[in-house]
Amino acid sequence: MSELHSLLTFPERPISKSYYVPKLQHFLECGIPATYTLEQVAAFEREEDDKCNPTLEVCSDDDKTSNTTPLHVLARSLPLDINDEELQVVLEMMNILFEYGAGWNFIDYEDKTVGDLLLERNQDRESPLYRCLVEAGISAELLLRKLNGGDVEFLDTDESEEANPEQTTKLPFDSEEQEPVADNDATAANQKVYLQTKLEYKDDALITKDNKDGVMMDWETKIMEIASKTLFPDPKATGSATILNIGFGMGIIDTFIQAQKPYRHYICEAHPDVLEKMKEDGWYEKNNVVILEGRWQDTLNKLLDEGEVFFDGIYYDTFSEHYQDMLDLYDVIVGLIKPEGVFSFFNGLGADRSLCYDVYKNIVEIDVGNYGMKCDYTTYSLDEQLPDWNDVKRSYFNCNYYYHPHITFV
Ligand SMILES: C[S@@+](CC[C@H](N)C(=O)[O-])C[C@H]1O[C@@H](n2cnc3c(N)ncnc32)[C@H](O)[C@@H]1O
């Protein structure tokens with residue numbers, strides 16, 4: 001362990017500004033990077049040992065993939081009995097580390113973010129230390145977007161991981177520009193590949209046939225029920241409402257929408273196997289249902305051009321799309337939604353990590369703000385609902401709470 005790392009284990013109590021802040025500043029000013037990891041220290045030490053004893057192994061597999069940064073050491077060492085004064089000093093130390101370029105989203109040797117560690121040390125999601133981390137994440141994400149000339153690049157917490165099946169926000173490229181590749185992981189990441197992939201309806205899920213990506217799973221039923229209710233701005237007048245759902249999947253939300261007997265219920269769906277299933281299940285015969293076959297990128301612009309339909313509620317839950325697609329969607333929905341209308345979406349943005357989920361919660365607020373809209377969240381506990389993920393390739397939701405977004409014009 002380096003002197004910087006040792007200092008961040010808080011060997012002296014109480015944690016005083018006079019003891020810790022000048023020392024931390026000194027190490028960083030001397031040139032120790034704020035991203036200097038325990039793995040780098042270990043590799044350096046092994047290299048030194050290796051010079052004396054060339055038979056030693058240079059680096060273990062764990063060391064190659066994890067990045068235990070000074071912030072991880074600080075969070076892991078945070079005393080459980082820390083008092084308010086000490087907390088302020090730690091906050092100042094975190095801010096100094098960020099000033100010197102510390103990263104917010106690295107994963108340590110236990111596959112944890114600094115956010116995970118702070119939560120374990122009794123700092124909840126509203127605590128100043130956790131908020132400081134979230135703010136750093138938001139700034140980094142917005143800065144990265146500026147540097148990319150406006151294009152969204154979701155900051156990946158673990159580049160070795162595969163694509164996130166639902167709302168694949170983690171991948172930096174634009175699905176439109178990607179050529180289909182014969183890669184098993186590509187269905188979740190690439191819309192062209194996904195739309196050519198065979199799907200399979202199981203009792204509790206819709207999955208891709210070849211590589212078992214979860215397109216939709218019935219553990220989301222409660223979320224869909226809650227969302228369907230909020231899509232009707234006037235609960236007493238559901239019979240006169242016109243609703244649009246983008247992405248049919250298992251038809252869970254559409255069934256809840258139908259139960260409220262809307263005047264018109266538009267469903268936009270792009271995948272041929274899903275459209276086939278909708279035919280089999282009689283969705284084409286329902287009097288108040290209008291099916292828009294094709295990608296929303298194609299069908300909704302047509303509606304916009306015609307200028308004849310405006311929606312009370314719009315829901316968005318697709319697959320193999322990226323956060324950039326959602327930004328593109330905002331351009332369309334502001335023209336299709338009534339002034340008092342509601343927009344909502346399945347919020348799995350960054351939900352494989354608490355910290356990323358919180359960062360994206362804020363990013364959405366900022367983005368819809370640019371369209372004159374506001375996003376109110378209601379938090380629901382998911383303890384009961386979350387599946388064991390045995391039947392799908394990869395879990396896409398690991399938080400045990402859900403931020404339901406309710407977006408309206410200001
Ligand atoms: C997660 S499922 C939707 C689940 C749905 N909310 C439910 O309650 O069952 C995603 C659906 O979006 C469809 N989809 C993906 N990309 C789309 C696009 N660009 N336009 C329209 N539908 C799309 C998929 O084929 C899939 O049926």
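Q: What makes up the lining of the second largest pocket, by class?
A: In this predicted model, the lining of the second largest pocket has two nonpolar, two polar and eight charged residues, where Ala, Val, Leu, Ile, Met, Phe, Trp, Tyr, Cys and Pro count as nonpolar, Asp, Glu, Lys and Arg as charged, and the others, Gly among them, as polar. Of the twelve lining residues, Asp111, Asp116, Asp352, Arg353 and Ser354 are the closest to the centre of this pocket, and helix α7 (residues 114-120) gives the most to the lining, with three residues.

Q: How is a pocket told from a cavity, and how is a volume defined?
A: On a 1 Å grid over the protein atoms alone, a cavity is a set of points where a 1.4 Å probe fits but cannot get out, whereas a pocket is an open set with protein on both sides within 12 Å along at least five of seven lines, and lining residues have an atom within 4 Å of a point. Grid points are joined across faces, edges and corners, and a volume is the space filled by probe spheres set on the points. The second largest pocket holds about 230 Å³ of space, while the largest cavity holds about 280 Å³.

Q: Which residues lie closest to the centre of the largest cavity, and what classes line it?
A: Gly247, Glu269, Asp317, Thr318 and Phe319 are the closest to its centre among the 28 lining residues, and the lining divides into 16 nonpolar, eight polar and four charged residues.

Q: Why are α2 and α6 called roughly parallel?
A: The axes of helix α2 (residues 17-29) and helix α6 (residues 84-99) come within 10 Å and cross at roughly 10°; angles under 35 degrees count as roughly parallel, over 145 as roughly antiparallel, 65 to 115 as roughly perpendicular and the rest as oblique, and the two helices are therefore roughly parallel to each other.

Q: Why is the pair of Trp219 and Trp389 called edge-to-face?
A: Rings of Phe, Tyr and Trp (its six-membered ring) pair if their centres lie within 6.5 Å, and planes under 30 degrees apart count as stacked, over 60 as edge-to-face and the rest as tilted. The ring centres of Trp219 and Trp389 are 6.0 Å apart and their planes stand at 75°, so the pair is edge-to-face. These two residues are 170 residues apart and link distant parts of the chain.

Q: What rules apply to the numbering and to the atoms used?
A: Residues are numbered from 1 along each chain as its sequence is written, and side-chain values use heavy atoms, with hydrogens and water left out. Local features need pLDDT of at least 70, side-chain atom pairs count only at pLDDT 80 or more, and totals for chains, interfaces and linings use all residues.

How values were computed:
Axes are lines fitted to C-alpha atoms, for helices over the stretch in contact, and angles run from 0 to 180 degrees between N-to-C directions. Helices (H or I, at least four residues) and strands (E, at least two) are DSSP runs, numbered from the N terminus.
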